[in-house]
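Q: Hi, could you walk me through this structure? I'm new to it, so please keep things simple.

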Amino acid sequence: MASDTFGDHLEKIYPIIEEGGSDSAAFDNVLELLVVNGALTLPEAVMVMIPEAWQANELMDPDKKAFYQWASHVEEPFDGPALFTFSDGRYVGANLDRNGLRPCRYYITSTDLMICASEVGTVPVDPEIIVSKGRLHPGKMLLVDTHEGRLVDDSELKQSVAQKHPYKEWIKRSICLNTLLNQLHIDPNHMVVDNASIPLEQDTRLIANNYSLEQLNLLMLPMISDGKETLGSMGNDAVLACMDEQPRLIYDYFKQLFAQVTNPPIDPIREQIVMSLSCCVGPFANLLTVGPEQCDRLVLDSPMLTKPQMHAIRSMNKVHSTWNAVTIDITFDRKLGIDGYLPCLDRVCQEASVAIEVGAKVIILSDSAFGQTAGGRVSLSALIAVGGVHHYLVRNKLRGRVALMIETNEAREVHHFCLLLGYGADAICPVLALDIIGKLLQKGAVRNKDLPYEQLVFNYFKAVDNGILKVMSKMGISTLASYKGAQIFEAVGLDATVISRCFAGTSSRIKGATFDLVARDALTLYDRSLLGQQGHNAVQPMTMPETGEYHWRSGGQNHICEPSGMGHLQDAVRQKNKTSYDEYAKNAHDAVARCTLRGLLDFDTSKCRPIPVEQVEPWTAIVKRFVTGAMSYGSISLEAHASIAVAMNSIGGKSNTGEGGEKPERSIPRENGDNLRSAIKQVASGRFGVTAYYLADADELQIKMAQGAKPGEGGELAGGKVSEEIASTRKTTPGIGLISPPPHHDIYSIEDLKQLIYDLKCANPRARVSVKLVSEVGVGIVAAGVAKAKADHILISGHDGGTGASRWTGIKYAGLPWELGLAETHQTLVLNDLRGRVILQTDGQLKTGRDVAIACLLGAEEWGFATTPLIALGCIMMRKCHLNTCPVGIATQDPVLRAKFEGKPEHVVNFFFYLAEELRQIMASLGCRTIHEMVGHAEYLKVKESNLSIKTANLDLSPILTPAHQLRPGVDTVQRHKQQHNLHIRLDNYLKDEAEGVLLGEQSHVAIRANIVNTDRATGTTLSYHISKRFGEKGLANDSIQVQFTGSAGQSFGAFLAPGITFSLEGDANDYVGKGLSGGRLIIYPPKACTFPSDNNIIVGNVCLYGATSGEAYFCGVAAERFCVRNSGAIAVCEGAGDHACEYMTGGRVVILGDTGRNLAAGMSGGIAYVLDRKNQLPEKVNMEMVELESLADAEEIQQVKQWIEAHVNYTGSKVGAEVLQHFDKYVGLFVKIMPIEYRHLLETQRATAQAPAKQTAPAKKPCTHIEDVEDSLLSEQEIQARRARLDKLRGFMKYKRKTDPYRPAASRVNDWKELNKRLSRPELHVQAARCMDCGVPMCQSDSGCPIGNIIPKWNELVYKDDWKDALDRLLMTNNFPEFTGRVCPAPCENSCVLGINEPPVSIKSIEAAIIDHAYEQGWMEPKPPAVRSGKRIAVIGSGPAGLSVADQLNKAGHSITVYDRNDRMGGLLMYGIPNMKLDKNLVQRRLDLMAAEGITFVPNAHVGVNVDARELQKTNDVVVVATGATWPRDLVIPGRSEAKSGVHFAMEFLQANTKSLLDSNLQDGHYLSAKGKDVIVIGGGDTGNDCIGTSLRHGCKSVVNFELLPQPPVDRAPDNPWPQFARVYKVDYGHAEVQAHFGKDPREYCVLSKSFEVNDQGQVTGINTVRVEWTKVDGKWNMQELQDSEQFFKADLVLLSMGFLGPENEVIKQLELTQDPRTNILTTKKSNFATHVPGVFAAGDCRRGQSLVVHGINEGRQCALEVDTYLADVYLKSATDSQQEDYVSALPVTGGILKRRVKKIIVEAKA
Ligand SMILES: Cc1cc2nc3c(=O)[nH]c(=O)nc-3n(C[C@H](O)[C@H](O)[C@H](O)COP(=O)(O)OP(=O)(O)OC[C@H]3O[C@@H](n4cnc5c(N)ncnc54)[C@H](O)[C@@H]3O)c2cc1C
Ligand code: SF4
Ligand code: SF4
């Protein structure tokens, strides 16, 4: 800056903006500088600083627009909501912000006086002298020139300013990007894809930048194909970045800040006229000299750049010689490791300053060099680079001299771009995201396959741009110029060193990650990206991991809600099972410890004296402090909503309506005593169904400042969920989706909030008023303001709370943990001695008594729960709430699904009982008898040092652990007294007294007269309360109470006016007239003595009739801004309106007999507006997004409009109305009807239905349970695809029936040994895959589901999409041998499938088998030997599923494997246990051959411990893995057993010999035990017994009986066997079916106890003597008793013992001196470990865990392999450097196929 005025003294006035000042002070500082400098006059300076919203204003005068355009080159606009008043001695003026969010009203009198204030009525004025009444319009200036003694008109003033300089000419000097592209002949849409030949999933850049499949599918694909970010639901319960042991991008540490209370969020869609992303970038000219050179800047319409645009900017100097662009590489050599990170940042900053010195105007930071050169280059985070350089340049006063741009592989999400902009970037080219678009297009993965590349890029940028606008608008910022560099973020868990260097000024309260950790994450990701690349081994198919970032996935990111916890909770509350609650609580404590800040805390009992728990207040007292979350009726079903209400009412807690309103009928208790009424009634920005009655019927009124936990978000309810019932409750239209406005239109400041609190208090003096805030830095100050504004109650919500539907950017990145917000609020309130006045509540993923105790100690005396009570009611966290497809009837309005709701209020009660009891235990340990004694005693908390890891060790929780009572001793630290609302002085008291006769029902009508002044606020609300209380929602008959006022009414005149009240006001009124009008009638007209024309003068203020639901209003004059916003049923007539009239309207009728402002009808989805468009200007003012314009043609409608005008004239004496009526035929043609498109369709349908002759009601259509049943084999490929396209995946689970692999007919299949079943056809598989709901928490993958964490929902989706190769890749990420599991697995996954709760589950196993069979058929299963060998040798003993999977994994990791087995064929029980008809041995051999081809050596006939020395193997190998199975059979030692020399055999003797003979000679060699012609008894059920049955039948046995000692299982799940446990139910397996078909009877005999064998003289068994038994439960344990006289003899000449296995055989165990557990299984160092106590020897499979399943064997093998690989790495790393150790990445995944950093190395034992 340079100034003629200040000359050399300029430096002395720095800093221009004084530190520590308010926003207004900063504004003042700059304005003063500009005015004192003299280049601009005061009005000009104000115009520069607070420009109108000019960008999107097509109606603006071009000269004025040019001025503002010039101003945008000079300075960023100040766009906060404010009314600025100013004076310099000559001029006195006022200016309103561009949104017009503050009121400014004025009178001009005939005595040359102008009275201007934020309200009318501040000074009494004789009406006769008033010549005009006006209000300041948005962005306009009111100026009085005292020299000239006149009011300077805004347009006159601005016109003259605009012509002072040739601004139009000047702005031509600015460089427009499009012009630049033309000049350089560059096509901005040209597709340039780097690494184009590398498939997307193998592009190393993706992994190195921590891409996940979810990000591609959930975030990017919808943005690319639809131009929109997708919606999510149920909040964010994932681990905080600062606690995650896995690498994270630094963006994840930042949370977006948002406006709450102090300034309003904006709706960037409906109010886009004020929003702009356009920015001037590049060097600023001198601010203090006005001149054309100020326009020498580059203008970007959006900060997002395509690659050609970036290229154009780089080449700019070819056409603009002074515009040099310098690219700075932000990568460093991988070899430097962690030590390379900071020096790289230093270099980048240095190079930036050098570039500026040599004249660069653009600096482009680029990570394009990533991965290049032999050793590879790792990149700084783009955010670190931008923030680092930006702050470096600011510190060196260089920032204004360049444009700072970033070319990055890293950024792709809206949040990323916001951060880059917020920390100084001027433009961003997301190169990798653009390449991904190209690659997705090439791959055909984009849904709309016809769209060209440029359209996809356009869509993506559009979604990003809209996302940025949304984030900006949450803070109330409308222009990118103001947002850039504004750092509207808070960091959670970043160290001060990082903050001060790159993000100076950002709040990061708990410190945390240092540059070292940031660098380590970058290196880990880089190394991980190399796996599978040239010269590196690929253990699994190279494809994007599904990391569980958004939805829980097995092995993925930690979440608080885990499937096993959910199962335990549901069991606990349904069965009243304390043990299950304890399991649930333990699971929750562990999850919370991994994910949240409170997880790092522990109770410090060293300072307390524990008391017996009996002395603690009872649970019944505690639960009164519990509330449930504001889950609206609409987002959840009536059944769920009402169950919660009944539960909470029964325990004295409170349920919350949410923002959807509630039917009045619910307030009438049911005969059984159930009370369905929600005690808390919420008042949200949407104001759905908020009537006088609704308010009167509340115990608490909650003002919701945030949607879910997301301030600045409008709640969304999909049209499909707006049923008739929901629509009538919300007073809207069925079928039309609802979006609540982000802002409350009556809260733009703390004063407005105070007014709303007052309104509500008056509307229900008995209810406490609560304000819901969300945790963020500064929330304490806001809360203090809220307490001063007289809220009775404050809720601090955590960031993680649920939302019915919200964009992912908001869910993930807005809001902070409640621990921070609560502690800050409590401390601030105590410091200001306000805590004693308010109750403090918190919510956000509170799960257990421990969470509640911590919340209490941090300052909350009440707590809210949302997700957990829903889980108690049956919610399974599908996270599909917004789709209306909740399969358990909770988050749905679909009647079919609602019928499935099985929750009961007592489930919620039981949950709260257990939770309160857990809390009581903690209270006792802390010595607290009551909650009151506990609130805010943070000294009872300490950091749990043993829980800290290298990631969390640096977190500093002391800010939240500071006890507030130590900050200001002696003041209240818990609520002790009520707020003083001073309601006794209200005008309403007089009205109530006067109307007493009517209120008591003693008279039918009363007329009252009263004077009113502007301090009489919310007049009528208390009168309405009394009417509602006494007469219900219907109120009184029209005009029962008529009040005639005179004067200027205060704010909220007639708010929530109840039916039967008519208010007539002669005078004028302020803001919020008729807010929430509920049936009353409002009439306002100017004093009769006034002479000014009413249609030119303001009669009522801003936001009138906001959220009106019914009633009538007649205003003789103009209404200011935001008239009838969210009107849903009122009829209103006025004579003109300001900007944004009828916004979000959903019902009612509005007649406007005069001019309107801009943005009329934005977001209007219902109701109709009729505007008299005398000047034919209306189309330019209407927001046409959702409405159409029509003329008034229908005679009936014309008549109706006329009647309203007649009423208007009648009530108000309007001259305008009278004129219209007088010449109605002339005027009728000037009316424009504004009709919402969807609403018209609806009315037409309703009309058609009403006119149609009554039809006989057709029987309800049954849901389609099948898809056309044509013989699949006859279908052509085209037909298959056409059928597939018709499938409905969203509702597939409701529409299609389960079908599994069909068995061959039982009668004929016993004649051969071929496999029993065949695969489903492709079309059938598409249908089955369409049944999968792609659950948010896929229980099929949980602990109780698939043990290997198969990524079932994903491959189901891919099969549904017919994408078999990708499905195979997904499958092979977790399962080495799907061809085995797909055939023999008993599918615990299906037992856990969510669908199985009330429908047959998804056919997971069939789909699995089909994928792998298809892969073999297609030749995709080819040998893929590892790229490099490690030189490590591993011996595996045993070749069953465990041995084979260990071998497979370790071989892929590059180790050399030899597998030994005592059998002549490899495969363990796969080969010689499970018979051929279940698993074809050719398939086993095929797999063995594949593994051999990949380099594994198989040594058969090697009986280790017998003919091979185990110690020798130990010596010659680095590792020995014992996988010898559990093959020691259990014997039946009963009388006759030893005598039975023949005829009694173990099942395995029978089965093994059979398979061997079958394979060797097709049973021709006779080397097997034949059952032919024999009576066979199989003792023991289970798989083995069944296989014996099937085998015996195939031999041709005479009879077969199967003994089972236990009783027959139930057909359905028993109560002690709830979902999702493995179902112990009666099943008919293949052998049983075959016997049934063959002998006509199921072979199973239950409750049979074998007593003795009958043996003949030759020692041949002849039968078994048995007795029947009975099982009873005694003290919870099963007890067996023999039944008298139940002896029975069963004839047999072959008895097969199939009673399970005792453990492994012991030859190897002995030789290697392994230890065994009591069950003789091999003992490992820990339960979850595979290392035995002998170094280098590991064990896996049935020999370690006991007899189990093939899938467990595979899982054991995989986990063991990971441990072995890590063990081998440890040995190697002992000689490596520290940083190598820390950076080590194993190529082997954990369950779910997910690669994880070695946690072991980063755990620190305890902080010293
Ligand atoms: C008849 C039968 C049917 C079954 N059906 C099913 C089913 O349908 N679905 C299912 O999921 N599960 C089934 N199971 C269970 C499943 O087969 C086992 O749980 C699984 O095979 C265990 O795998 P593993 O690798 O631990 O051991 P195993 O498969 O038992 O393999 C161990 C191998 O080690 C070898 N071995 C042992 N000692 C030595 C030694 N000293 N030297 C060299 N080699 C040695 C053995 O010969 C054997 O080949 C069945 C089991 C049986 C017996
Ligand atoms: S392996 Fe078994 S549990 Fe896992 S998905 Fe397949 S069938 Fe289900
Ligand atoms: S298989 Fe079942 S549990 Fe798994 S994602 Fe699909 S529907 Fe959900």
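A: Happy to, and let's begin with a definition: a residue counts as near a molecule if one of its heavy atoms lies within 4 Å of it. Keep in mind that this is a predicted model.

Q: Good to know! Which residues come nearest to ligand 3?
A: There are 13 residues around ligand 3, and C1332, C1335, C1340, C1393 and V1394 come nearest.

Q: And which helix gives the largest share of that shell around ligand 3?
A: Helix α47, residues 1352-1360, provides the largest share, with 3 residues.

Q: How many of the residues in the shell around ligand 3 are nonpolar, polar or charged?
A: The shell around ligand 3 has 12 nonpolar residues, 1 polar residue and no charged ones.

Q: OK, ligand 2 next. Which residues are closest to ligand 2?
A: Ligand 2 is surrounded by 13 residues, and the closest are C1346, N1350, C1385, C1389 and E1408.

Q: Which elements supply at least two residues of the shell around ligand 2?
A: Two do: α50 (1388-1392) and α51 (1404-1418). Of these, α51 gives the most to the shell around ligand 2, with 3 residues.

Q: How do the residues of the shell around ligand 2 divide by class?
A: They split into 9 nonpolar, 2 polar and 2 charged residues.

Q: That leaves ligand 1. Which residues come nearest to ligand 1?
A: V1384, D1461, G1468, K1478 and D1742 come nearest, out of 34 residues around ligand 1.

Q: What lies 2.6 Å from a nitrogen atom of ligand 1?
A: That is a backbone N or O atom of V1384. A backbone N or O atom of A1442 lies 3.0 Å from an oxygen atom of ligand 1. In the side chain of K1478, an N or O atom is 2.7 Å from an oxygen atom of ligand 1.

Q: How much of ligand 1 does the protein bury?
A: Taken alone, ligand 1 exposes 990 Å², and the protein buries 98% of that.

Q: Which elements give two or more residues to the shell around ligand 1?
A: Those are α52 (1441-1452), α56 (1547-1561) and α57 (1582-1595). The most comes from α57, with 3 residues.

Q: Changing topic: how much space lies in the second largest cavity?
A: The second largest cavity holds about 230 Å³ of space. It is lined by 20 residues, and A208, L249, S379, E410 and A522 are the closest to its centre.

Q: Which elements give two or more residues to the lining of the second largest cavity?
A: Both β16 (377-379) and α17 (515-530) do. The largest share of that lining, 5 residues, comes from α17. By class, the lining of the second largest cavity has 12 nonpolar, 4 polar and 4 charged residues.

Q: What about K576, is its phi positive or negative?
A: K576 has a positive phi of about 50 degrees, although K576 is not a glycine. K576 lies in the loop between α18 (563-575) and α19 (578-595).

Q: Last one: where is V125 found?
A: V125 is in the loop between β4 (114-117) and β5 (130-135). Leaving out residues up to four places away in sequence, V125 touches Y107, T109, I115 and I130. Between V125 and S1430 there are 94 Å in space, C-alpha to C-alpha, and the two are 1305 residues apart in sequence.

Notes
Residues numbered from 1 in each chain as written. Chains lettered and ligands numbered in written order. Predicted model: local features only at pLDDT ≥ 70, side-chain atom pairs only at ≥ 80, totals over all residues. Heavy atoms only, no water. Polar contact = N/O pair within 3.5 Å; in protein donor to acceptor, adjacent residues only side chain to side chain. Areas by Shrake-Rupley, 256 points an atom, 1.4 Å probe, with all protein chains shown as cover. Helix = DSSP H or I, 4+ residues; strand = E, 2+ residues; numbered from the N terminus. Nonpolar A, V, L, I, M, F, W, Y, C, P; charged D, E, K, R; others polar. 1 Å grid on protein atoms, 1.4 Å probe; cavity = no way out; pocket = protein on both sides within 12 Å on 5 of 7 lines; lining within 4 Å. Points joined across faces, edges and corners; volume = space filled by probe spheres on them. Contact = heavy atoms within 4.5 Å.
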